[in-house]
Amino acid sequence: MAKVALITGVTGQDGAYLAEFLLNKGYEVHGIKRRSSSFNTARIDHLFHDLHESGRSFYLHYGDMTDSSGLTRIIQDVQPDEIYNLAAQSHVQVSFEEPEYTANSDALGALRILEAIRLLGLSKKTRFYQASTSELYGLVQEVPQRETTPFYPRSPYAVAKLYAYWITVNYREAYGIFGCNGILFNHESPLRGETFVTRKITRGLSRIKLGVQECLYLGNLDALRDWGHARDYVEMQWLMLQQERPEDFVIATGMQYSVRDFVNAVAKELGMAITWRGEGKNEQGFDSDGKCVVAVDPRYFRPTEVASLLGDASKAREKLGWVPATDFNTLVKEMTREDLRAAERDELVKRHGYQIFQQAE
Ligand code: NDP
Ligand code: GDR
């Protein structure tokens, strides 16, 4: 019998990679997507088969993290062996604008799933993965950060995720649920949402290179992050649930770069060289023709910033055999290549209009 997995947030970056990974492992995969007035399944369309085809192993259900009864009904119907709780309002800056909704979906959402597991009598059957985050470390208390490093969240998002982290630990200890927190550091890919900084940079500079966009506006260029590839990280999410005992793990590369480094690496990939002038909110980047292509816009500064994150994934290396397969430069190359392709299509549309674009396709 195939194992059954349920993924919340299946339409997101990690959801798409994880669904594909589990299908390749022979799982029957169920995903929860939320109702939207426009299509929101672009990342998983290649996995989905028509409802009427036989031999399907990928199913989608409408649901929302803020709706307990809907979530409970899906879990009751699906009877999953494993639940991966990836759904979240995952944008840190947006969480300052929508703190209550972020708490509802990201903190109480995790509780709703754990309660469903408990009340449906699935505590012994269903294993639970919680998408925890390096944002929990926030104002850093130790470098590098490991499982034992104290938390100090710096955004409504991180505070909501702190609740989800501890409620997972509590349900593990109180009810014996096999619940694991993956404390994942930033992970990116060509499927990354366009408003996260890496994708904003690969997309923006590709468009500037082809003349579709004039300038890329960014916030704090000095922020330091430990960036890995989402494809590598979802494998660890699965592996955590295959262990004998439930435990929490840091997943990170152990390498740190600034946002400015990321801009420079993408520019290099595109054959552009950027010269930086000015400081802080006045900093700008110029191309070899002296044109300003990157500028700081303080609107992207956060009320409380997480200045620096660097993970120590020794525990995962020892117990899960974790070795990040993709290094920084390979990640930059892959993301830039994909966004350059998209920019080429945009440039065609801009130059010739929609009809020519259709013919070219
Ligand atoms: P995305 O933002 O790409 O995906 C989030 C997913 O959650 C989407 O499918 C989204 O649906 C769904 N979602 C949002 N709100 C709700 C809701 N109320 N009800 C149901 N579904 C909802 O995130 P990632 O894939 O990058 O991240 C996956 C998880 O891992 C998130 O929980 C994130 O906080 C966490 N995380 C991510 C890291 C990263 O670097 N990527 C690092 C550490 C943790 P829709 O498509 O309709 O918007
Ligand atoms: P982060 O990712 O906040 O770490 O959360 P994001 O890419 O949004 O920001 C990373 C750093 O870049 C700085 N920055 C900008 N950020 C954005 N989005 N847009 C900009 O224009 C910009 N300019 C500079 C930010 O200030 C920040 O320091 C991500 C999310 O996926 C979370 O869900 C996840 O938990 C963490 O990673 C780990």
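Tutor: Let's begin with H4 and H5, which pack at an angle of about 15 degrees with their axes 8 Å apart. This is a predicted model, in which local features need pLDDT of at least 70 and side-chain atom pairs count only at pLDDT 80 or more, while totals for chains, interfaces and linings use all residues. Residues are numbered from 1 along each chain as its sequence is written, and chains are lettered from A and ligands numbered from 1 in the order in which they are written. Helices (H or I, at least four residues) and strands (E, at least two) are DSSP runs numbered from the N terminus. Axes are lines fitted to C-alpha atoms, for helices over the stretch in contact, and angles run from 0 to 180 degrees between N-to-C directions.

Given their angle, H4 and H5 are therefore roughly parallel to each other (under 35 degrees; over 145 is roughly antiparallel, 65 to 115 roughly perpendicular and the rest oblique). On the H4 side, the contact (C-beta atoms, placed from the backbone, within 7 Å) is made by Pro99, Thr102, Ala103, Asp106, Ala107, Ala110, Leu111, Leu114 and Arg118. H5 answers with Pro156, Tyr157, Ala160, Lys161, Tyr163, Ala164, Ile167, Thr168, Tyr171 and Tyr175. Sorted by type, the residues of the contact of H4 with H5 are 14 nonpolar, two polar and three charged (Ala, Val, Leu, Ile, Met, Phe, Trp, Tyr, Cys and Pro count as nonpolar, Asp, Glu, Lys and Arg as charged, and the others, Gly among them, as polar).

H4 has another partner: helix H2 (residues 68–78) packs with H4 (residues 99–119) at about 45 degrees, their axes 9 Å apart. H2 and H4 are therefore oblique to each other, and their crossing is right-handed. Here Ser68, Leu71, Thr72 and Ile75 of H2 meet Arg112, Ile113, Ala116 and Ile117 of H4. In the contact of H2 with H4 there are five nonpolar residues, two polar and one charged.

Within it, four bridges join S1 (residues 4–8) to S4 (residues 82–85), and the two run parallel; Ile7, for instance, has Tyr84 in S4 as its bridge partner.

Gln79, in the loop between H2 and S4, has a positive phi of about 50 degrees although it is not a glycine. Pro144 lies in the loop between S5 and H5, and the peptide bond from Val143 to Pro144 is cis, with omega near -10 degrees. For comparison, most residues other than glycine have a negative phi, and most peptide bonds are trans.

H1 and S5 bring us to ligand 1. It is surrounded by 24 residues, the closest being Gly9, Gly12, Asp14, Ala88 and Ala131 (a residue counts as near if its C-beta atom, placed from the backbone, lies within 6 Å). The elements that give two or more residues to this shell are H1 (13–24) and S5 (127–133), and H1 gives the most, with three residues. The shell around ligand 1 divides into six nonpolar, 15 polar and three charged residues.

Ligand 2 has 22 residues around it, of which Ser90, Thr133, Val197, Gly219 and Ala223 come nearest. H3 (92–97) and H6 (197–209) are the elements that give two or more residues to that shell. By type, the shell around ligand 2 holds nine nonpolar, eight polar and five charged residues.

Notes. Left-handed = near helix turned anticlockwise from the far one by under 90°. Contact = placed C-beta atoms within 7 Å. Pairing = 2+ DSSP bridges.
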